[in-house]
Structures are given as structure tokens and as C-alpha cells.
Amino acid sequence: LDAAGWVADDVEEALIRVAGSNLGPFHEMKSLAKAVQDCLPKSSSVLMVASEAKSSDRTKVLGPSAEECMLLLDLMYAPRRSRLFSLAKTLSSIENLSHICVWTRTVSPSKGTSCSIDLVEIPRLKLTFTTREDHEGVLRLFSMDHADLFVSDQHNAFTTKLMTGIPHSLLVSNLRGETQLLVPVLPPCRPEIITEPFSTEIVLDRSDEKWIEALSQHFYLYPIHVSLSFIMPRGLNSALFLLLLRLLNRDYNSAFRMCDSIATDSKFSPEGLQIYDALRFANDDLHPDAHAVRLKVSLVTMESGAPAPWDLTNELASYISKLAHVSATCFISEQEELQLLSSESVVTDDQSPKYKPELHDIYSMTLVKNRVHQLRAALTKPGASEAPCFAP
């Protein structure tokens, strides 16, 4: 790239020429770099960085937002124990290194010397950071998009606990000591691991274009309470995404408590609907508390008009059959349970409008039907000792 004046098109053309020749194979990067340099178009020349360089030349080196000549640093091969290595390790939690641009104003570094880190760009998240000293003279990585917000290194047992299940998060703070979590909004899924059936590992799909197009913002900022005991989501969509992460992490108590934060009787935005639909990624979790969380989500979003990302009848049947094993913190009241059982989406027999033979079996429908009559007798007729019972 240096030999081509940082003109990517010329480098690509040279690589095509090398691939079509019989110069390979190459066992060292130096050999490959020399071959690419020899195959560069004749029009390419080394771009000399000078103070009198034209604005168009600077744009070619740095990109459209450049205002001065700077040098792009390589995070992949940053020396260990260097400031650049520490930066790469920190930012790799929110973005791939290939999509993090770190710039320095030291355009002609000598061998063995360290470069200053002057600008950090993360284009896919639309984030930009710069280094400057705070009021105490400590060098910090400050956000250029949010006033007084900088990357924090004040990790402790409390923040670590809050960040559990959110591996792609970044702890940020401001000069007033207020701490927040910066979390990219990416589609998470929990892969099935045969040797670890209760795994909480998640994988992020950063290439899902449909997901990205539906987003109005590419990251959420979650304020952390001053007691460092809980996270406070801002808005419905951020609460939905945090609930999804807690559910995938099998933190059922936190997920159940968050359900009231997503209660709504209006339609979801395209972004919110996409996150709501992503709750299906945890449908393979058959823990009793997981069924309780999904039923609670169905209850608080019942008036939104959005179809639940699971079958309500089967979820109710699973919850009823495992009722004795549901935690006290995830227990649904009988009134709420009856409200769910009375929903039009619930199937009690093969004559129900929502009946699907490939989804609903006789056992589940009978279980739900008997529970309906049991709760109605207990709640509408106090003291009643009998209720209709149906057998398949």
C-alpha cells in the first residue's frame, strides 16, 4: 500500500497480476510484498507526505474526513505491552480489528519508537475517539460523538458482574464519574455445543445486512446505577435488546424483572420488531424459568399486535407441566396466567382457529384446556371444590 501511494485499486490490480503469474507460492510476507510492488501499474508511485500536499491527496491517504496528513497504524501486529496493543485488546470487544482505524500524526516514525494515538475511527458503529488529557492530566480516549465520555479502565467485581453475558460491551465513563455500558446492536445467537449443553456463549453476526438496515442506531448506551447494582436501559428498544442478552445468558431472574420495562400497547418500530423477533434465538432453552420469561414477555406485549416469536400454546403447556420447578422470582400469578390462557392465540382443541397439526399435540392442548377451567373455577368462584376435567 505504501508503494502504491495508498491507492487500493492499484494494489488490487497488482494482486490479480501476481495471482495470474507463476511467481508463487510465497512463504514469507516480505516475498509477497516484493512481488506485489513489482507488479504495480506504472502510473503508481510512492506518495510523499509533505506539508504542502494538496487536500485531494490527503483525502486519498486518510479518507473523506481527513484534515491533515496522518498515518494508519496496524493493530494486528501491535507489539505486546504497547499502548497500541492495549487499545486493540480493548476495542476488539466491540468491533473486529479489520474495521477499526487508528491514526497517528507521527507520519515518519523511526524504528523502535512509539507513535502517538491521535484518532480512532470505528465506521460500522459510527464512533470516533481521540486522545486527550482529562482534568487530572491522565491521558484518556475520549468520544468525539458524546461530550465528556471516555473509555474507562475502572473495572471491578460489580461492573464485571453487570457485563456478564454482554461480551461485546465497552465500559465508558464521564468526568462526573457516571459510568455507562456501550453495547453494539448486533444479532446474537447461542450456538449448540454438544459437550456443554447449558453453554452461555454467544456468537455475533456482524454481516447481517437485513438486521443493520432496520437499525436507527448502531449501539446503545446503558447507564449504570451509582450503586453499581443494576443497568438502566433507555427506551423500549434498548430494554428489549438487554432482555435478549440476559435470556441468552440464562440469567432468568434479571430477564424476568426486565419484562415490565418492555410493556407496550403500541406497535414496535422496525428496529424494535427485529429485536423482539430475535428472542426466538433462545427458544431452545427448556428451563422452567425460561418458559416463565417467554410467557411474561407475551403478557406485557400482548397489545402491541406483534406475533410472539414462539407458540404460546406449547409454552403454556411446558410451563404448566413444570410449574413445581419454576423459581419464586419467575412465578406468574394465576390472574396473569388466566389472561394468557384466554388469549385468541391459545389452542385448546382441534377446532380452535389457530390449530396447526404440525405444532399442537393432544396432550398439550388438553393440559392447557384443563388449566383454563381450573383457574376460572378458583378465581371466579371462590371456595369451589370442583372444575370440569377433560381427558384426551
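This is a predicted model: local features need pLDDT of at least 70, side-chain atom pairs count only at pLDDT 80 or more; totals for chains, interfaces and linings use all residues.
Biologist: How many helices and strands does the protein chain have?
Modeller: The protein chain has 13 helices and eleven strands. Residues are numbered from 1 along each chain as its sequence is written, and side-chain values use heavy atoms, with hydrogens and water left out.

Biologist: What share of the residues counts as buried?
Modeller: Of the 392 residues in the protein chain, 42% count as buried. Buried means under 20% relative accessible area, exposed means over 50%, and partly exposed is in between (1.4 Å probe, protein chains only).

Biologist: And how much of the contacts comes from residues 24 or more positions apart?
Modeller: Such pairs make up 58% of the contacts in the protein chain with a separation of 6 or more. A contact is heavy atoms within 4.5 Å.

Biologist: Let's zoom in. Which residues of α4 are buried?
Modeller: Helix α4 covers residues 83–91, and Leu84, Leu87, Ala88 and Leu91 are buried there. Seen down the axis of α4, the buried residues fall within an arc of 100 degrees, so they line one face of the helix. The arc is taken from the directions from the helix axis to the C-beta atoms.

Biologist: Why do residues three or four places apart point the same way?
Modeller: Because an α-helix has 3.6 residues a turn.

Biologist: What covers the buried residues of α4?
Modeller: Strands, among them β1 (71–73), β2 (101–104), β3 (119–122), β5 (139–143) and β7 (170–173).

Biologist: Where is arginine 81 found?
Modeller: Arginine 81 is in the loop between β1 and α4. Its relative accessible area is 88%, so arginine 81 is exposed. Arginine 81 also has a positive phi of about 70 degrees, although it is not a glycine.

Biologist: What about leucine 228, which loop is it in?
Modeller: Leucine 228 is in the loop between β11 and α7. Its phi is positive too, about 60 degrees, and leucine 228 is not a glycine. At 21% relative accessibility, leucine 228 counts as partly exposed.

Biologist: New topic, aromatics. How many aromatic pairs does the count come to?
Modeller: Rings of Phe, Tyr and Trp (its six-membered ring) pair if their centres lie within 6.5 Å; planes under 30 degrees apart are stacked, over 60 edge-to-face, and the rest tilted. By this rule there are four aromatic pairs. Take tyrosine 220 and phenylalanine 241: their ring centres are 6.1 Å apart and their planes are at 65 degrees, so the pair is edge-to-face.

Biologist: Why does tyrosine 220 count as buried?
Modeller: Because its relative accessibility is 4%. Phenylalanine 241 is buried as well, at 0% relative accessible area. Tyr220, Tyr222 and Phe241 form one aromatic cluster.

Biologist: Which helix holds isoleucine 275?
Modeller: Isoleucine 275 is in helix α9. With 0% relative accessible area, isoleucine 275 is buried. Leaving out residues up to four places away in sequence, isoleucine 275 touches Val185, Trp211, Tyr220, Asn237, Leu240, Phe241 and Leu244.

Biologist: What do the buried residues of α9 pack against?
Modeller: They pack against α6 (209–213), β11, α7 and α10 (288–300). The buried residues of α9 (residues 270–277) are Glu271, Gly272, Gln274, Ile275 and Tyr276.

Biologist: Last one. Where does histidine 360 lie?
Modeller: Histidine 360 lies in the loop between α12 (334–341) and α13 (362–380). At 5% relative accessibility, histidine 360 counts as buried.

Biologist: Which side chain makes a polar contact with the side chain of histidine 360?
Modeller: The side chain of aspartate 311 does, at 3.0 Å. A polar contact is a pair of N or O atoms within 3.5 Å; within protein, one must be able to donate a hydrogen and the other to accept it, and residues adjacent in sequence count only if both atoms are side-chain atoms. Not counting residues up to four places away in sequence, histidine 360 touches residues including Asp311, Thr313, Asn314 and Tyr355.

Terms used:
Helices (H or I, at least four residues) and strands (E, at least two) are DSSP runs, numbered from the N terminus.
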